[in-house]
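Trainee: I am new to this structure. Please show me how to read its features.
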Amino acid sequence: MISAATPDVATATARLRALLGDRLHEPGDPAYATTTTLWNGAVKRTPVLVAHCQDADEVADAARVAAQCHLPLSVRSGGHDWAGRALRDGGLVLDLTGLRAVRVDPDEETVTVGGGVTAHELLAATRPYDLVVPTGTVGDVGMAGLSLAGGYGPLCGRFGLTLDNLLGAEVVLADGRRVTADPRHDAELYWALRGGGGNVGVVTELRFRAHRLPGVLAGMIMFALAEAPAVLRGYGALVAEAPDELTVMTGFLPGPAGEPVIFVCPFYSGPDLDAGLPWMDRLRALGTPLVDQIAPMPYADALRMFDGGMVDGNHYLLRTRWLPALTDSAVDVLADAARQVSSPFSALAVHHFHGAATRVRLADTAFGLRTDHLLTEIIAVWAPGEEARPHREWAERTSAALAPHALPGGYPNLLAPEETDRVRLAYGANWPRLRRAKHRYDPRELLTAVPTLPRSQR
């Protein structure tokens, strides 16, 4: 359970100042505002200290000070969690953005990255070797946060989730101990890291399996909002028979005139890209395209389609549902939500989970759902200064309308901190084992991360 001792901020500050010098930031310091500003402008939290660490030794020393001085911890890697769990009121933030090293072994087809490396940075390093690691859809997301809770992305069907490609990690435990987690060293910690989020330790280095992939056939096709029901129904039928090499997103984005447009975004990753052309034709035939931009390109370039889609400083609130399929009723909910959207900035995204990701045994990682499904993101966005209520209500109403058609739980990386009941359901049969791992590696529960594991009797 969480220690009831009073945090000793003064002692922690003195010890960390001696360790880090001007890389320790306190409220009022010029750098404090920068280090505690996240892309989601709705997040307003006040940590007591931010430790900008440059290597794993400094992370371990800072964690040790926090444990001895009874300070709760949070970790900033990419800082892209919408709920802002990188920052913790009254806590010490371990800022890993200085851990940016990337090492590529083209012969072994592995990539080792520091705890602060983003997807874009990893792919830039692997590109000269025609290697990729499965990522999410946003290149600015940190690989650590993405990997530890899941990693849905455009290569899911062929290569699995990002976490399925994690070969091992260097970890600092909450008490400051440094350990290695892989199949031969602390296999239980390795199991918990792959899906359990950053709740069992601070990951300072990750080693991934890489894959030869010179290019993908990818792009964006957009249709008018009026065609949404037909496009979504056709999409649902198509992805149900898609091969591993084809993973397709869909959803609604803001259009040039302010009205949402429906999009399909295919990634075909087979060795012969021409084999993906008939699938592209089928997607085009779902309606009358307003935009049709499909071409062969490097994976890293394809991922940049979503750069700039979410503007830093706007306010964001996300809700999520796992759908077993796009039934007619679910299609109606999504189309109605797009028609009733409360802001021209808001969006809906549907991610395709299939293929290789479904062939990992449920018990092999902490991730709790290994059957074909669609991950729905409900993304409410509004400008600073606007009243939040109508946007929150739109997201909540859409989530509630999808609930009768959804699977239990939801993607832990997107669940809200208060949705602890759904976090438990998200892990299903893996939940008891994950709770035991949490108690083993962080018995004082100093770490709360993505997802936030609800406390329980042990």
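Mentor: We will go through salt bridges, a helix, a cavity and a loop residue.

Mentor: This is a predicted model: local features need pLDDT of at least 70, side-chain atom pairs count only at pLDDT 80 or more, and totals for chains, interfaces and linings use all residues. Residues are numbered from 1 along each chain as its sequence is written, and side-chain values use heavy atoms, with hydrogens and water left out.

Trainee: How many salt bridges does a search of the whole structure find?

Mentor: First, the term: a salt bridge is a side-chain nitrogen of Lys or Arg within 4 Å of a carboxyl oxygen of Asp or Glu. The search finds 28 of them here.

Trainee: Which parts of the chain does the pair Glu58 and Arg23 link?

Mentor: Their side chains meet in a salt bridge of 2.8 Å, N to O. The pair links distant parts of the chain, 35 residues apart. Glu58 is in helix 3 (residues 56-68), and Arg23 is in the loop between helix 1 (9-20) and strand 1 (24-25). Helices (H or I, at least four residues) and strands (E, at least two) are DSSP runs, numbered from the N terminus.

Trainee: Are Glu58 and Arg23 buried or exposed?

Mentor: Buried means under 20% relative accessible area, exposed means over 50%, and partly exposed is in between (1.4 Å probe, protein chains only). Both Glu58 and Arg23 are buried.

Trainee: What separates Arg64 and Asp61?

Mentor: About one helical turn, because they are three residues apart in helix 3. Arg64 counts as partly exposed, at 31% relative accessibility. Asp61 also counts as partly exposed, at 28%.

Trainee: Where are Asp244 and Arg359?

Mentor: The side chains of Asp244 and Arg359 meet in a salt bridge of 2.5 Å, N to O. This pair links distant parts of the chain: Asp244 sits in the loop between helix 8 (228-239) and strand 13 (246-254), and Arg359 in the loop between strand 17 (347-353) and strand 18 (373-382). Asp244 is partly exposed, with a relative accessible area of 25%. Arg359 is exposed, at 55%.

Trainee: How many residues of helix 8 are buried?

Mentor: Nine of its 12 residues are buried, so helix 8 is largely enclosed by the rest of the structure. Among them are Val231, Leu232 and Tyr235.

Trainee: How is empty space found?

Mentor: Rolling a probe the size of a water molecule over the atoms shows where empty space is left. A cavity is a set of points on a 1 Å grid over the protein atoms alone, where a 1.4 Å probe fits but cannot get out; lining residues have an atom within 4 Å of a point. Grid points are joined across faces, edges and corners, and a volume is the space filled by probe spheres set on the points. The search finds three cavities of 30 Å³ or more.

Trainee: Which element gives the most to the lining of the largest cavity?

Mentor: Strand 13, with three residues. The lining includes Thr247, Val248 and Met249.

Trainee: What joins the side chains of Arg370 and Asp164?

Mentor: A polar contact of 2.7 Å. That term means a pair of N or O atoms within 3.5 Å; within protein, one must be able to donate a hydrogen and the other to accept it, and residues adjacent in sequence count only if both atoms are side-chain atoms. Another polar contact, of 3.1 Å, joins the side chains of Arg370 and Thr365. Arg370 is buried, with a relative accessible area of 7%.

Notes: On a 1 Å grid over the protein atoms alone, a cavity is a set of points where a 1.4 Å probe fits but cannot get out, and a pocket is an open set with protein on both sides within 12 Å along at least five of seven lines; lining residues have an atom within 4 Å of a point.
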